Amino acid sequence: MAKTVVQFTLNGNPVDLYTEPYRTLLEVVRDDLGLTGSKEGCGTGDCGACTMIVNGKTVNSCLMLIPEVQQTDVVTVEGLATNGHLHPVQQAFIDHSGLQCGFCIPGMLMSAAATVKENPQANEEEIRIGLAGNLCRCTGYDKIVKAVLAVTRGEPAQVATNTAPASRTSKEELSPVIMFQE
Ligand code: FES
Ligand code: FES
């Protein structure tokens, strides 16, 4: 199948790809762009481990074909922290021990961040609805919900610092354009 050009923004960085149109956003981000925070659990849209935010809305990136992100703004878990500071939901997950094995957490964080942005005062029921597309086999969900509730209730961070570890937001962070060709 003929390759196609796809341009979008990934965590604030412009991306310019030349790739097969049948590939998914998840494949491209993980395999080509080297951002492996987003996980592939089911690959069929059922678990939410691959959740990214595209133009402000959460998507299952395992189901999104790469041409669908043409000229969009894509955010992955690597892009949640800003200016060296964790996103409030990241900090709250730490404070409230909202994780165990961690596999679901990148997707959970993206759905949590989207929920909090859409409804900054979300109550428990609204948070559970916001996270309904994300499955977790470990935590029983309560600590995750408690963490997000702490954010919507404006509870202060419990850990002394919310400084994010030095991390990249793209494979070629210093390069404004990422181009892949044959
Ligand atoms: S890997 Fe995409 S929903 Fe499970
Ligand atoms: S922490 Fe293990 S799947 Fe959620």
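Reply: This is a predicted model, in which local features need pLDDT of at least 70 and side-chain atom pairs count only at pLDDT 80 or more, while totals for chains, interfaces and linings use all residues. Residues are numbered from 1 along each chain as its sequence is written, and chains are lettered from A and ligands numbered from 1 in the order in which they are written.

Me: How are helix 3 and helix 5 oriented to each other, roughly parallel or roughly antiparallel?

Reply: Helix 3 (residues 105-118) and helix 5 (residues 142-152) have axes 11 Å apart and pack at an angle of about 30 degrees; axes are lines fitted to C-alpha atoms, for helices over the stretch in contact, and angles run from 0 to 180 degrees between N-to-C directions. Helices (H or I, at least four residues) and strands (E, at least two) are DSSP runs, numbered from the N terminus. Angles under 35 degrees count as roughly parallel, over 145 as roughly antiparallel, 65 to 115 as roughly perpendicular and the rest as oblique. The angle therefore makes helix 3, relative to helix 5, roughly parallel.

Me: How many residues of the contact of helix 3 with helix 5 are nonpolar?

Reply: Two residues are in contact if their C-beta atoms, placed from the backbone, lie within 7 Å, and here helix 3 brings Met 108, Ala 112, Thr 115 and Val 116, while helix 5 brings Ile 144, Val 148, Val 151 and Thr 152. Ala, Val, Leu, Ile, Met, Phe, Trp, Tyr, Cys and Pro count as nonpolar, Asp, Glu, Lys and Arg as charged, and the others, Gly among them, as polar. In this contact no residue is charged and 2 are polar, and the number of nonpolar residues is 6.

Me: How do helix 2 and helix 5 lie to each other?

Reply: Their axes are 8 Å apart, and helix 2 and helix 5 pack at an angle of about 130 degrees. Pro 88, Val 89, Ala 92, Phe 93 and Asp 95 of helix 2 meet Ala 147, Val 148, Ala 150 and Val 151 of helix 5. The contact of helix 2 with helix 5 has 8 nonpolar residues, no polar and 1 charged. Given the angle, helix 2 and helix 5 are therefore oblique.

Me: Why is helix 2 described as largely enclosed by the rest of the structure?

Reply: A residue is buried if 20 or more other C-beta atoms lie within 10 Å of its own, exposed if 12 or fewer, and partly exposed in between, with C-beta atoms placed from the backbone. Pro 88, Val 89, Gln 90, Gln 91, Ala 92 and Phe 93 are the buried residues of helix 2, and what covers them includes helix 3 and helix 5. Helix 2 (residues 88-95) is largely enclosed because, of its 8 residues, the number buried is 6.
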